[in-house]
Amino acid sequence: MSKHYLDRHFREKLANQSADVPAGLWDAIQTRLPDTPATGSRSRWFWVLLLAALVLGTSATYLILQGRAAVPEEATALSQAADSDGMLQAQPVLPTEPEDVSAAVATDRKAGEVGESRSQAVENRATSELIRQHAARRTSPEARAPLTGIASGTHDNANDAQLDPASEADEYVIDQMRNATPETRSSLRPALQLYKIASLSAGVGSLDEYAIMQTDCYSFGKRGLGHFEIDLYGGPSYATKSMTSRNEDVSDYIMSRDTTEFKRLGFHLGARIGYHHPTGFFARIGAQYTQLNERFDYENGSSTQTIITTDTIFDAMGNVVDIVLDTVVTTGTRIKKTYNRFHLVDIPILLGYQIDNLDWAYGIQAGPVFNVAFARKGDILAPNGVPGSFSDEQSSDFHPVFKDQLGLSVYASVYAQRRIGERLYGFVEPHVLHRLKSITLASYPIDQRQTAFGLSFGVRMTL
Amino acid sequence: MEYTRLIKRCKEGNRKAQKELYDHFAGRMFFLCQRYAKDQTEAQDMLQEGFVRLFGNLEKFEGKGSFEGWARRIFVNTAIKYYHRVRKHNGHDELGHAEAQKIDPDALSSLHEQELLGLVQELPEGYRAVFNLYAIEGYSHKEIADLLEIQESTSRSQLVKARKLLQMKIHNLQIVLL
């Protein structure tokens with residue numbers, strides 16, 4: 001046998017071996033390490049708060065600027081409402097306001113160039129609302145008259161709409177389109193689309209007859225396209241998990257965990273801000289908090305407990321000596337039931353498309369979700385078969401199992417929304433959120449993936 | 001395996017991350033310490049000291065090369081520190097006359113890791129250190145001479161004597177087994 005062979009044999013057998021580490025060694029090590037600074041978790045929460053502040057700041061700034069642009073200094077904002085007969089009335093907010101929409105428009109036009117941009121916003125809003133009212137009446141049976149007289153007449157007075165023959169309503173809408181500037185057309189487009197859909201749904205007119213609205217309305221890249229919106233939502237959540245062995249086969253352990261962990265209903269809350277393009281496409285970003293629940297139910301019928309009774313005495317030299325008086329080993333059933341909670345904070349970035357249909361709208365959206373925090377509290381069956389805590393680091397039976405952050409996930413949902421106010425919508429949105437990476441630590445023998453399902457109920461406010 | 005994020009969190013002083021890193025490497029590093037130590041108690045001390053040094057020097061790890069290789073060097077250096085401490089107190093050990101013995105390759109292959117580890121642990125301090133560094137870690141005699149503060153020729157001769165001693169012990173085991 002060569003000497004080299006001896007070296008090689010020892011190297012192959014001993015170089016990468018592992019040994020069982022005595023318990024308690026980590027405790028001794030960590031007492032010699034510097035105290036844990038809070039910078040890690042602080043920086044994480046710092047970014048969460050910064051992002052939330054940015055979202056809120058942007059929203060607030062937009063709202064303030066929007067308010068300044070829409071409300072003239074003379075306080076001539078209009079508040080409109082339909083009366084019980086479905087006829088439109090313009091209600092003055094302040095005594096100085098004009099009596100109806102057309103008068104407001106006329107007054108604004110006389111105001112000269114200085115006030116023109118401010119009054120234009122008021123005029124567009126009033127016109128949009130009139131068109132929406134026409135659209136609403138289109139769906140009523142008595143209003144389903146054939147489309148006639150398009151492009152004839154010059155009705156620019158809003159009160160004409162109160163006459164309500166379908167043809168005159170069409171004339172009013174067409175006139176608005178013809179007389180409008182490109183910017184105004186962009187502003188009116190959502191209302192015009194609604195009108196067109198309502199008319200076609202009621203069997204009034206054809207696509208060709210409404211072509212002028214479509215061709216004249218599209219104006220990409222202009223100011224005033226689209227709108228911002230804010231979502232507030234919440235609802236129940238439910239998570240499923242899949243577990244696989246990481247390095248060595250631990251299928252028995254996986255089975256043990258499956259039989260001791262039971263899913264329970266959780267919940268989620270969230271807020272989003274979005275930009276909605278008139279083409280129907282939108283982008284949304286927000287923050288979502290989710291609490292997922294589980295019940296850990298452990299029962300061991302052959303558990304033993306050792307009770308050692310001791311007494312402390314002094315020996316002849318004055319030293320303290322513990323003497324064992326009695327040792328009793330009892331066998332029984334150990335039952336441990338814990339309600340585990342998992343808290344997650346995620347940042348979803350979503351892209352989607354929405355189809356409008358009168359007061360209803362339907363959308364689909366999907367995108368990446370970034371987990372910024374994953375906190376949890378509870379118990380778990382450890383690989384050695386003994387239950388222990390996965391959250392209490394001070395506990396003697398602590399088992400590090402889960403990561404503090406879960407990284408990238410994907411989110412997908414569909415929703416239906418209904419108009420419940422002038423700028424307010426209610427929506428219901430089932431969603432699925434799948435974690436792309438394992439939620440367990442690399443040192444833990446099980447690779448655990450998570451998919452959460454939720455049903456959101458929320459309100460959406462357009463800005 | 002990717003340790004970048006884990007190491008980053010350890011550098012921030014995150015105790016959970018440190019525990020995770022410990023759980024991941026403790027077994028392998030404890031075996032390494034056992035090879036250099038004369039008994040379990042000393043191996044535990046080495047492991048403890050090694051991890052304290054590892055976390056204390058983590059800032060110096062720049063992510064170039066294998067983290068496990070870097071960690072092993074920390075523990076080997078810790079073991080050598082113990083070697084110097086023992087040598088300072090006990091002086092240098094020398095083997096008398098050990099004759100190289102013929103070993104049956106099958107008998108050698110039949111020895112388990114724990115038996116081989118026991119053989120290494122029974123070697124005198126100096127032989128054990130040189131044999132570990134040269135045969136198992138792959139250091140050169142020059143590197144070993146620098147680390148152990150001995151002559152290169154001493155490193156060579158100690159390696160030869162360590163091999164002879166191991167061969168003798170394995171031979172004796174063969175006799176016992178037969």
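## Two chains, one predicted model

Let's start in chain A, where Phe228(A) sits in strand S3 (residues 227-245); strands here are DSSP runs of E with at least two residues, helices are runs of H or I with at least four, and both are numbered from the N terminus. Phe228(A) is partly exposed, since it has 17 other C-beta atoms within 10 Å. On that scale, 20 or more other C-beta atoms within 10 Å of a residue's own make it buried, 12 or fewer make it exposed, and partly exposed lies in between, with C-beta atoms placed from the backbone. The C-alpha atom of Phe228(A) is 6.0 Å from that of His276(A), although the two residues are 48 apart along the chain.

Some housekeeping: this is a predicted model, in which local features need pLDDT of at least 70 and side-chain atom pairs count only at pLDDT 80 or more, while totals for chains, interfaces and linings use all residues. Residues are numbered from 1 along each chain as its sequence is written, and chains are lettered from A and ligands numbered from 1 in the order in which they are written.

### Confidence in chain A

pLDDT is the predictor's confidence in each residue, from 0 to 100. Chain A has a mean pLDDT of 74, with 71% of its residues at 70 or more. Two stretches stay under 50, and the table gives their contacts beyond four places in sequence. A contact means two C-beta atoms, placed from the backbone, within 7 Å.

| Stretch of chain A | pLDDT | Contacts beyond four places in sequence |
|---|---|---|
| residues 70-116 | under 50 | 66 contacts |
| residues 144-164 | under 50 | 54 contacts |

By element, confidence in chain A is lowest in strand S1 (residues 78-82), at a mean of 36, and highest in strand S11 (residues 424-435), at 93.

### Chain B and its helices

Chain B has 9 helices and 0 strands. Of its 178 residues, 35% are buried. Among its contacts between residues at least 6 apart in sequence, 66% join residues at least 24 apart.

Buried in H3(B) are Ala43(B), Met46(B), Leu47(B), Gly50(B), Phe51(B), Leu54(B) and Phe55(B). They cover an arc of only 155° around the axis, so they lie on the same side of H3(B); the arc is that of the directions from the helix axis to the C-beta atoms.

Glu149(B) is in the loop between helix H8 (141-148) and helix H9 (152-177) of chain B. Its phi is near 60°, a positive value in a residue other than glycine. Glu149(B) is exposed, because 11 other C-beta atoms lie within 10 Å.

### Core and interface

A nonpolar core is a set of buried Ala, Val, Leu, Ile, Met, Phe, Trp, Tyr and Cys residues joined through C-beta atoms within 7 Å. The largest has 51 residues, of which Met29(B), Phe30(B), Cys33(B), Val130(B) and Phe131(B) touch the most other members. H2(B) gives the most to this core, with 11 residues. Leaving out residues up to four places away in sequence, Phe131(B) touches Val120(B), Leu123(B), Leu159(B) and Ala162(B).

Where the chains meet, 38 residues of chain B are in contact with 35 residues of chain A. H2(B) gives the most to the side of chain B that touches chain A, with 15 residues.
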